[in-house]
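Have a look along with me.

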Amino acid sequence: GSMDRVTLPSRGRRTVRIPTPDPDLMLKIIRMSDGHRPIKEFIRKLEEPELHILMVISHLTRSGYLELA
């Protein structure tokens, strides 16, 4: 998808707890997910490799924590 898409907290989907090796990054991404920041801003602001950030966003979306708009 586009790096201009935004993330927002999921409403109504049940979350699935899946272990992660980087809970701090997951929490940062969840906190930044306000429905206004595009994914490219996450990549610019977080000091992590782009692929790692995209994998965590995908993981959070599949787990029901985030939605993409």
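Leaving aside neighbours within four places in sequence, which residues is H59 in contact with? I found I18, P19 and M26, taking contact as heavy atoms within 4.5 Å.

Before going on, I noted that this is a predicted model, where local features need pLDDT of at least 70, side-chain atom pairs count only at pLDDT 80 or more, and totals for chains, interfaces and linings use all residues. Residues are numbered from 1 along each chain as its sequence is written, and side-chain values use heavy atoms, with hydrogens and water left out.

I placed H59 in helix α3; helices are DSSP runs of H or I with at least four residues, numbered from the N terminus. H59 counts as buried because its relative accessibility is 14%, and buried means under 20% relative accessible area (1.4 Å probe, protein chains only).

Next I looked at how α1 and α3 meet. Their axes, lines fitted to C-alpha atoms over the stretch in contact, come within 10 Å and cross at roughly 70°. So α1 is roughly perpendicular to α3, a label for angles of 65 to 115 degrees. From α1, I listed L25, M26, I29 and I30, which meet H52, I53, V56, I57, H59 and L60 in α3.

Then I turned to the largest nonpolar core, which has 13 residues. Such a core is a set of buried Ala, Val, Leu, Ile, Met, Phe, Trp, Tyr and Cys residues joined through side-chain atoms within 4.5 Å. I29, F42 and L60 are among those with the most contacts inside it. The elements giving two or more residues to this core are α1 (23–32), α2 (39–45) and α3 (50–62).

Methods:
Buried means under 20% relative accessible area, exposed over 50%, partly exposed in between (1.4 Å probe, protein chains only). Axes are lines fitted to C-alpha atoms, for helices over the stretch in contact, and angles run from 0 to 180 degrees between N-to-C directions. Angles under 35 degrees count as roughly parallel, over 145 as roughly antiparallel, 65 to 115 as roughly perpendicular and the rest as oblique.
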